[in-house]
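This report is written for a reader who meets the structure for the first time. Please keep the sequence and the three-dimensional view at hand while reading.

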Amino acid sequence: MTDLMTASGLGKRYGRRWALADCTLRVPQGRVAGLVGPNGAGKTTLLHMAVGLEKPTTGTLEVLGGRPRDDAGQIGRVGFLAQDTPVYSRLSVADHLRMGAWTNPNWDAGLAARRIGELGLPPGQRAGKMSGGQRAQLALTVAMAKRPEVLILDEPVASLDPLARREFLQLLMATIAEDKLSVMLSSHLVADLERVCDYIIVLASSRVQVAGEVDALLATHWRLTGPRRDPRTLPADFDVIEESHTDVQTTLVARCDGPVHDPAWTVGELSLEDLVLAYMRRARGGGLASGRGAGDGDTGNGDGGNGEGGNGDSGSRGLRVLR
Amino acid sequence: MIEFHLDARSGVSPYQQIVQQVRHALRLGLLHEGDQLPTVKDVVARLAINPNTVLKAYKELEHAGLVAARPGIGTFVTATLSDVSLTAHGPLRQELRRWLLKARRAGLDDESIEALFRDAFRSSGAEDVA
Amino acid sequence: MIQLTWRQFRAQAMASFGLLAVIAVVLAVTGPHLVQIYDTSVAPCAAHNDCAAADNALVNHDHFLQGLGIVLVVVPGLIGVFWGAPLLARELETGTYKLAWTQGVTRRRWLAVKLGLVGLASVAVAGLLSLMLTWWASPIDRVNADPFGLFDQRGIVPLGYAAFAFALGVTAGMLLRRTLPAMVVTIAVFAAARLGMIWLRWRLFAPLRLVAQLRFPNASGHAGSPVQQLGPPNPADFVISNVTINGAGKVIGPQGAIDLGNGMYGLGLRVNHGQPSVPGAGVCPNAFPPLTRNATPNPGLAKAGQVCFDKLGIRELLTYVPTTRYWPLQWCELAIFTGLALVLAGFTFVWLRRRFP
């Protein structure tokens, strides 16, 4: 089956600043993929390139096997919800649905009408007069009713109150349960993603820090606490993501494929949020400079240098792709 | 029809929580043979979790022989656990009470008792696997 | 896509065509009256010899509605500003392009339909206005016989103006990505283009020229007013300029007069230290009778002055555009503005293609 998204060396530059650099990904279909990272990390840039609203500066990108371009077929397979859910403020809810019907060959009017009814959105209401949550629900309905194969959502719940956020995710999950849809959504809140994502991509400092199935990542990342020691004494297959030392204690966040045998370490499981934060902190410490290829397991404090690539990946810098 | 809830802070993964809640319902007699479990769509529409999570939970229950999936219709209970009711384990419960008394008299507080129990529970489970 | 364009454009279209309908009704109601006045008073006026009075009666009628001609000057600019500039700018400014360009229609098709439909509507509005006004004002225009004076308020050029202004607005909106700046730039560039075209219009084909010898003001030697004797063959012809030139062709004054400095003696001659001269042309080569300080009538002076003019080659030059060129110029101007509109539209497509994947 074609991947949801394949990127190779993808980069985007605005003027002199690289919004996204050296991005290599392979996200399988049928997933709910979460794109998480601090603001300005390149999430929106990546998603815009995926739906053909931005042109890559370097590298290649494919969504569902097709290059995002101005082609009706490609556009029709991908549904998009932009950040801050832009809608036509002078058009009503019903007008937006009509717009969807007029511009989408696969438009499912019944689904759209049903959803609007379930959501309680008054059809005659002008979009500009609705709350943020209602606008998001409307935009999501329009994106879903065109029956895409993949839905791409850019921070869809960022400006929603907790109830609106929950209702949005409920609607989204119910739809993908029905339609076997693939989803990629970005957020800077990990808590939302933890519920719904089974694939995660951490984007920080304009680079992919880690990407992989959530289950696989959680099964191979541990928090190790123990008496103070130098992480360089760890076996070679340990990859230390983050370390912190007090005078008596060392705490590590490390990736390791096998079990931890050393009894001196207390091994704890990580939550997805902890894992993401560890990678984000590491990225912030080192910034964009990935010129320092580190030795085994030596990331040092505040050194953003990346170790050699993980399981048989393409070997590009700053990348850790797990299957 | 039972309803699931999710405790985001419990440290137990969502799919495990669903499995546990089904087993719990079976044990309490809330679910009987032939009852239908909530559809995946209904579960995710209420909990806003990934459908694959629910599918994974139902699959595990199917492996355990407790439920069976009928494609296009739903997932139905095929066995119950309520035969194994708690009352049948009176002697076990007594032993446990006696042990707890001993532990308290030895000076262990609640947390130490829990830690001791969890540690023994885990290592005994690992021994079984090994 | 056509339905979507209509739905988004609906309010503006209804307002404009509504206004158009109102104007149409007003003109339709008052038009026949003008025709009637023309037929009864002006047409037979030659027989009664009261043409001046009849003409005035007609021309002074409905002065206010004649001001509608100004509408035709203003409307294309308004179209550019209110229909053209927001077309792309508002989508880019509010971010709705992220919604519009991720449905099932390609950007190209989206733009083509929008440009086509709204552009067509723009041209239709201008065309209908021009048609109505030209029809309504035809009796008055016949009397005034000044087609070039109202060149941009009649005929087919308003269609070109509307197309150009619209395309200009769309392009400005696309490049500036903000509605308000795009509106300002649109009106500024449109005004500049129109003014530039007005200059160019009279020079598109080489203008015609008439030359005549300049006559010394008065045969009896009196200083008199300039004796402009040249006029265009047809009073409706457009006069570009009427100047006085010297033997070499250099302009030395306006309309049969000569630009004198101080020390003038009579008209056309200056006297400095003895021999009279014509400013800008040279010293008179012929002999002059003795000159007195005051401008007393002196027939010898008049004759000598005329000889001086003839010898120095001082002539009157009239440059004009004949009325026969009216329709060729209308078509040319329409073609130029329409061509510019098409170029701008093409540029919009190319730019969008380069800017987006």
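## Confidence in the model

The structure is a predicted model. For the complex, the predictor reports an ipTM of 0.82 and a pTM of 0.81. Chain A has a mean pLDDT of 83, with 88% of its residues at 70 or more. For chain C the mean pLDDT is 85, and 89% of the residues reach 70 or more.

Among the elements of chain A, strand E6 (residues 150-154) has the highest confidence, at 95, and helix H7 (residues 190-196) the lowest, at a mean of 85. In chain C, the highest confidence belongs to H8(C), at 96, while strand E4 (residues 264-265) has the lowest, at a mean of 50.

Each of these two chains also contains a stretch to be read with caution. Residues 287-323 of chain A have pLDDT under 50 throughout, and the model has 74 contacts beyond four places in sequence for them. In chain C, pLDDT stays under 50 over residues 218-224, for which there are 18 such contacts beyond four places in sequence. Where pLDDT is low, the predicted coordinates should not be read in detail.

## The fold of chain A

Chain A contains nine helices and 13 strands. Of its 323 residues, 49% count as buried. Among the contacts in chain A with a separation of 6 or more, 68% are between residues 24 or more positions apart.

The contact between chain A and chain B involves 13 residues of chain A and 10 residues of chain B. On the side of chain A, helix H6 (162-179) and helix H7 are the elements that give two or more residues. H6(A) provides the largest share, eight residues. By class, the side of chain A that touches chain B has eight nonpolar residues, one polar and four charged.

Where chain A meets chain C, 25 residues of chain A and 19 residues of chain C take part. Here the elements of chain A that give two or more residues are helix H2 (72-77) and helix H3 (93-103). The largest share comes from H3(A), with five residues. The side of chain A that touches chain C consists of 13 nonpolar, five polar and seven charged residues.

## A helix pair in chain C

Within chain C, the axes of helix H8 (residues 157-176) and helix H9 (residues 179-201) come within 8 Å and cross at roughly 140°. H8(C) and H9(C) are therefore oblique to each other. The crossing of H8(C) past H9(C) is right-handed.

Residues of H8(C) in this contact include Phe164(C), Leu168(C), Gly169(C) and Leu176(C). Those that H9(C) brings include Pro181(C), Val185(C), Val189(C) and Phe190(C). The contact of H8(C) with H9(C) counts 11 nonpolar and four polar residues, and no charged ones.

## One residue of chain C

Arg90(C) lies in helix H5 (residues 68-94) of chain C. Is Arg90(C) buried or partly exposed? Arg90(C) has 18 C-beta neighbours inside 10 Å and therefore counts as partly exposed, since 20 or more would be needed for a buried residue.

Ser241(C) is 151 residues from Arg90(C) in sequence, and the two are 46 Å apart in space, C-alpha to C-alpha.

Terms used
Residues are numbered from 1 along each chain as its sequence is written. Chains are lettered from A and ligands numbered from 1 in the order in which they are written. This is a predicted model: local features need pLDDT of at least 70, side-chain atom pairs count only at pLDDT 80 or more; totals for chains, interfaces and linings use all residues. Axes are lines fitted to C-alpha atoms, for helices over the stretch in contact, and angles run from 0 to 180 degrees between N-to-C directions. Helices (H or I, at least four residues) and strands (E, at least two) are DSSP runs, numbered from the N terminus. Angles under 35 degrees count as roughly parallel, over 145 as roughly antiparallel, 65 to 115 as roughly perpendicular and the rest as oblique. A crossing is left-handed if the near helix is turned anticlockwise from the far one by less than a right angle, and right-handed if clockwise. Two residues are in contact if their C-beta atoms, placed from the backbone, lie within 7 Å. Ala, Val, Leu, Ile, Met, Phe, Trp, Tyr, Cys and Pro count as nonpolar, Asp, Glu, Lys and Arg as charged, and the others, Gly among them, as polar. A residue is buried if 20 or more other C-beta atoms lie within 10 Å of its own, exposed if 12 or fewer, and partly exposed in between; C-beta atoms are placed from the backbone. pLDDT is the predictor's confidence in each residue, from 0 to 100.
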